[in-house]
Amino acid sequence: MGSAPKGDYRVSSPLTQDQLKALVGQAALSHVRAGTWVGVGTGSTVNHFIDALAASGVSILGAVSSSEASTQRLLGHGIVVSELKGGQTLDVYVDGADEIDPRGNMIKGGGAALTREKIVASQAQRFVCIVDESKWVEVLGHFPLPLEVIPMAAEVLIERFKTKGAQARLRMKGETPLVTDNGQHILDVWGLKISEPLAFEDEVSQWPGVITVGVFAHQRANVCLMGTSQGVKTFEF
Ligand code: 5RP
């Protein structure tokens with residue numbers, strides 16, 4: 001585990017998973033500075049952050065968004081959304097995760113937005129990860145690892161994962177493969193134990209046809225705000 005957790009918000013009764021997500025969405029506001037551009041991730045936890053940001057009245061310049069869904073939600077609140085500009089550095093990037101380990105490495109992509117998430121995160125000075133306590137793991141890999149892939153490579157990559165003793169499957173939306181905001185497909189991989197996230201990310205990123213691996217080790221979190229039944233705990237990595 002990184003530095004010792006600091007409990008900073010107390011709650012008195014057990015909360016639902018969605019209430020824990022709302023709690024950390026609100027807590028993330030303390031990492032947002034007025035007069036800056038804010039990187040915004042994707043997912044149900046981030047939706048709470050977007051709503052809290054809009055309600056807070058903190059005067060940011062605007063947001064750089066990681067998905068069409070987050071863009072629509074931001075715009076719905078009247079928050080300015082800008083494309084990422086060359087050389088632009090964001091003060092902070094706020095996003096959820098499917099898993100986070102004690103060094104701040106994450107699995108992301110449950111919402112299929114991993115490529116844009118990694119791009120926006122790469123331009124931020126700090127990655128603030130907001131999760132409920134179910135996302136905390138000692139070793140990444142319990143959650144099926146998402147990869148965004150070029151559609152013609154999917155079958156080849158499924159075979160390749162078999163050599164690692166893992167099972168990859170194309171993510172479907174009804175009867176047809178899910179299509180990402182980038183017009184590509186998602187593979188979800190079961191049966192991995194990712195004890196060396198950086199080496200794993202480097203290796204799989206090289207496989208032809210892989211656009212983005214859902215391991216965020218190069219772009220790992222600097223801070224994790226974790227919603228627990230005891231309140232929000234803060235981890236710094
Ligand atoms: C989207 C993501 C999300 O951050 C991740 O799936 C967590 O989602 P949620 O906040 O809904 O639990 O990586 O691509």
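1. Lysine 118 and glutamate 201 form a salt bridge, with 2.6 Å between their closest N and O atoms. The term covers a side-chain nitrogen of Lys or Arg within 4 Å of a carboxyl oxygen of Asp or Glu. Side chains of opposite charge can pair when their charged atoms come close.

2. The model is predicted: local features need pLDDT of at least 70 and side-chain atom pairs count only at pLDDT 80 or more, while totals for chains, interfaces and linings use all residues. Residues are numbered from 1 along each chain as its sequence is written, and side-chain values use heavy atoms, with hydrogens and water left out.

3. The protein has two parts, domain 1 (6-138 + 218-236) and domain 2 (145-212); such bounds come from an automatic or database domain assignment. Taken over C-alpha atoms, the centres of domain 1 and domain 2 lie 24 Å apart. To the contact, domain 1 gives 16 residues and domain 2 gives 18 residues, where contact means heavy atoms within 4.5 Å.

4. About 1,300 Å² is buried between domain 1 and domain 2, and 52% of it is on carbon and sulfur atoms. Buried area is the accessible area (1.4 Å probe) that two parts lose on being put together, summed over both. On the side of domain 1, Leu114, Thr115 and His218 lose the most area to domain 2, and together they make up 38% of what that side buries.

5. The rule finds one salt bridge across the interface of domain 1 and domain 2. It also finds 10 residue pairs in polar contact there, both residues at pLDDT 80 or more. A polar contact is a pair of N or O atoms within 3.5 Å; within protein, one must be able to donate a hydrogen and the other to accept it, and residues adjacent in sequence count only if both atoms are side-chain atoms.

6. Helix H4 (residues 114-122) gives the most to the side of domain 1 that touches domain 2, with four residues. Helices (H or I, at least four residues) and strands (E, at least two) are DSSP runs, numbered from the N terminus.

7. An open sheet of three strands runs in the order E5-E6-E14 with antiparallel pairing; two strands pair if DSSP finds at least two bridges between them. Strand E5 (99-100) and strand E14 (215-216) are the edge strands, each pairing on one side only. Two bridges join E5 and strand E6 (residues 106-107) in the antiparallel sense, and glutamate 99 has isoleucine 107 in E6 as its bridge partner.
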